[in-house]
Amino acid sequence: MLSDIEIAQKAKMLPIAEVAEKLGLAQDDLEFYGKYKAKISQTAGEKLKSKKNGKLILVTAINPTPAGEGKTTVSVGLSQAFYKLNKKAVLALREPSLGPVFGIKGGAAGGGYAQAVPMEDINLHFTGDMHAITSANNLLCALIDNHIHQGNALSIDPRTIVFKRCLDMNDRALRNIVIGLGGPVNGIPREDGFIITVASEIMAILCLAEDIDDLKDRFSKILIGYTYDKKPVFAGDLNAQGAMAALMKDAINPNLVQTLENTPVLIHGGPFANIAHGCNSVKATKLALKLGDYAITEAGFGSDLGAEKFFDIKCRYANISPDCVVLVATVRALKYNGGVKKSDLSNPNIAAIEKGIENLKKHIANMKNYGVHVVVALNKFHTDSEEEIDVIKKCCENEKCEFAICEVFQKGGEGGTELVNKVVNLCERPNSFKFLYENELSLEQKMEKIATEIYGASHVTYSDKARKQLDNFVQMGYDHFPVCVAKTQYSLSADPSKLGRPSGFVIPVNEVRLAAGAGFVIMLTGNIMTMPGLPKQPAALSIDVVDEKIQGLF
């Protein structure tokens, strides 16, 4: 089989204006970025406000493994399969970050014959949204340090600045730095650091903002640090929100591209789920609900991270709720959760499946805890045996959960029609969606519910540092905010080595951060880095340009 990039480069794409026309959008509704990419204007969204929403489908997964589960591939293939059955669906995905593209995880445009294209553009610079977010973030940082250098009228204590610079790249050397060296003309020396762009609060705000006015209001609420007498200082105190919004004027509009089968895809925003809230933009999802009879979106990593945050943060703020959840699993991932090494995952192993399937059971239970209908989509690999598949199918029957085999990687939309039929039937049934917790609970109570009910932990502990930070944010009046947990994606616990369905473990909160503009409090657990590093053999070493074509991207 051809590589992902070879398949993508052979695709026969339609001009993006023709893809938009299928959705009822005119050329005046678009801002073109070449022949195959466009942004959808704010005015187009306003014209659709009175239109009835379609059905909302969330694609999530079990805990990811180094073998990959193909959640985005299933999302893309599912959207293609709807059109095979003459049903109008619009897919809404996150934008890839350059960190994983050049690191180890790879891109986020799908795979095989279920991809969004132009694949190279989407995975690299795309329409410049990541650069706009980076620029807005770093403009605020520059304004903070300039204010201090120019006399510090707000009496900002440089030792308390919590807003960090960002870069859309894995670069561990920038995690902790010292700035302002070289004498008085170069500013006030202080400790600082970089986070990856997708962990920036600017990214979270972009993905939750309804419009440009909401964006500016949220920017003004960003906590940047404290005064010498310990009073909080916000971006609005520097009057930074207007200039930051100017850099985001185009980035706030969703991007329209297409799949290999010329079906529409909205790609907008891309916070990681292990260190941020893991969902594409509210604007793109709401637009998809207006443009299609079915809107498909995904949330990062497993349901313990992405889906929980999609429900308790995104749905809460956007006032939306899912009609169906697709839970992606693979035979390989379940064997890995059953203790099999990555190198042996292609070998049949019923015993490992039966052990690792406890992970799937927990994710099914988690989704049912929200009162939504669930269908398990088994992303099939050619090495999967019928006996192994039968074990998973019987598990779903026992859990009273729908099951469908998905072969979109090899077959494109044709390989997802069984899944579409299950999804359509579930969408027609009424559900009883509910949040895991209400706003009135304390931050500690919210964290406890996530840890015990979603992860399966016994309880939560707080470091002295985290306890002080938490108490401070409560005193500042942010106890009503939702909680966003930064946790390893590889385990239900905070320890990536605890596979399957661990129990009796403790979730240790080491640090608490406030994202006042985004509207949530971040609980950092375990050993989570907000600026990842590159592996020993980064993917970047295999990427090249030959005869004006990018090679080795995936």
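In the predicted model, Ile350, Ile353, Glu354, Ile357, Leu360 and Lys361 of helix H14 are in contact with Glu387, Glu388, Val391, Ile392, Cys395 and Cys396 of helix H15. By class, this contact between H14 and H15 comprises eight nonpolar and four charged residues, with no polar ones. Two packed helices are described by the angle between their axes and the distance between the axes. For H14 (residues 350-369) and H15 (residues 386-398), the angle is about 30° and the axes lie 10 Å apart. The crossing of H14 past H15 is right-handed.

A further helix, H17, spans residues 417-427. Its buried residues are Thr417, Leu419, Val420, Val423, Val424, Leu426 and Cys427.

Two or more lining residues are contributed by each of the helices H8 (201-208) and H19 (464-475) and by each of the strands E9 (190-192), E10 (194-196), E11 (223-226), E21 (506-515) and E22 (520-525). Helix H19 provides the largest share of this lining, with six residues. In terms of residue class, the lining of the second largest pocket contains 22 nonpolar, eight polar and 11 charged residues.

Technical notes. Residues are numbered from 1 along each chain as its sequence is written. This is a predicted model: local features need pLDDT of at least 70, side-chain atom pairs count only at pLDDT 80 or more; totals for chains, interfaces and linings use all residues. Side-chain values use heavy atoms; hydrogens and water are left out. Axes are lines fitted to C-alpha atoms, for helices over the stretch in contact, and angles run from 0 to 180 degrees between N-to-C directions. Helices (H or I, at least four residues) and strands (E, at least two) are DSSP runs, numbered from the N terminus. A crossing is left-handed if the near helix is turned anticlockwise from the far one by less than a right angle, and right-handed if clockwise. Contact means heavy atoms within 4.5 Å. Ala, Val, Leu, Ile, Met, Phe, Trp, Tyr, Cys and Pro count as nonpolar, Asp, Glu, Lys and Arg as charged, and the others, Gly among them, as polar. Buried means under 20% relative accessible area, exposed over 50%, partly exposed in between (1.4 Å probe, protein chains only).
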